[in-house]
Amino acid sequence: MPPKAKISRDMIVTAAFEIARKAGAENINARTVSEKLNCSTQPVMYHFATIEELKRATYEKTDKYHSEYLMNIPKTQENAMLEIGLNYIRFAIEEPNLFCFLFQSRFVAENDLLEMINSENLTPILSVMQEEMKMNMEQTKEVFVTLALFVHGYASIIANNSLEYDEKLIATHLKRVYTGAVLAIQEEKA
């Protein structure tokens, strides 16, 4: 008789990620994960003492996936920040369950804007932005906060099916917000 396939911690997190993606994170439990993996609930509970712990691990995987999604921009992109902002909104459209898990659940990693702006996960985005604007990091963070609030508002409304996505209109609005935030920082500097 062949040995049974070993169910790894990574396999369990991947299955939970797929459940969150298709049905929402609230549907992650030992039964749904074990059904997805075609196994008993025993491996799930062996690797994770609680479902809360499994959801945290799934949240981390989702956050990493989101960061990679945001940074998937063409190297020749003239306005990288515009493209990152549009990717954030596109993510809300294409992955509404993951968006809600990341930003509208009790699992949100950062509890406030200051924690978010100083998060290591944000470093790649801030670096691209800083290079593009030719500002110091403090000024870059100030522009980012303005953009982040605006982009997140759009994405949240879209993810919750309250607004139709019009990329041209949204891109125009993002350019205005970005330009205004940069000009405000430059005026403060002068």
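Start by selecting helix α2: its buried residues pack against α1, α3 and α4. Helices here are DSSP runs of H or I with at least four residues, numbered from the N terminus. Buried means under 20% relative accessible area, exposed over 50% and partly exposed in between, using a 1.4 Å probe and protein chains only. Packing is judged by contact, that is, heavy atoms within 4.5 Å.

What you have open is a predicted model, in which local features need pLDDT of at least 70 and side-chain atom pairs count only at pLDDT 80 or more, while totals for chains, interfaces and linings use all residues. Residues are numbered from 1 along each chain as its sequence is written, and side-chain values use heavy atoms, with hydrogens and water left out.

**Stop 1: around α2**

Stay on α2 and colour Ala30, Thr32, Val33, Ser34 and Leu37, which are buried. Now go to the start of α2, where a side-chain oxygen of asparagine 29 comes within 3.0 Å of the backbone nitrogen of arginine 31. This is a polar contact (a pair of N or O atoms within 3.5 Å, one able to donate a hydrogen and the other to accept it; residues adjacent in sequence count only if both atoms are side-chain atoms). After α2 comes asparagine 38, with a positive phi near 55°.

**Stop 2: along α4**

Next, select residues 51-70, helix α4. The expected span of a helix is 1.5 Å times one less than its number of residues. For the 20 residues of α4 that gives 28 Å, which agrees with the 28 Å between its end C-alpha atoms. Among the buried residues of α4 are Leu54, Tyr59, His66 and Tyr69. What covers the buried residues of α4? Show α1 (9-23), α2 (30-37), α3 (42-47), α5 (80-94), α6 (96-103) and α8 (123-133), which are included in that cover.

**Stop 3: aromatic rings**

Rings of Phe, Tyr and Trp (its six-membered ring) pair if their centres lie within 6.5 Å; planes under 30 degrees apart are stacked, over 60 edge-to-face and the rest tilted. The count comes to 8 aromatic pairs. Zoom in on phenylalanine 17 and tyrosine 65: their ring centres are 5.4 Å apart and their planes are at 75°, so this pair is edge-to-face. Phenylalanine 17 belongs to α1 and tyrosine 65 to α4, so the pair ties together parts 48 residues apart in sequence. Phenylalanine 17 is buried at 5% relative accessible area, whereas tyrosine 65 is partly exposed at 25%.

Then move to helix α9, where phenylalanine 150 and tyrosine 154 are 4 residues apart, about one helical turn. Phenylalanine 150 is partly exposed at 27%, and tyrosine 154 is buried at 13%.

**Stop 4: the nonpolar core**

A nonpolar core is a set of buried Ala, Val, Leu, Ile, Met, Phe, Trp, Tyr and Cys residues joined through side-chain atoms within 4.5 Å. In the largest one, with 59 residues, which members touch the most others? Select Ile12, Ile28, Val33, Leu54, Ile89, Val143 and Phe144. Elements giving two or more residues to this core include α9 (137-159) and α10 (167-189). Leaving aside neighbours within four places in sequence, phenylalanine 144 contacts Met116, Ile117, Leu122, Ile125, Leu126 and Met129.

**Last stop: exposed or buried?**

Finish with lysine 22 in helix α1. Lysine 22 is exposed, at 62% relative accessible area. For contrast, serine 127 in helix α8 is partly exposed, at 36%.
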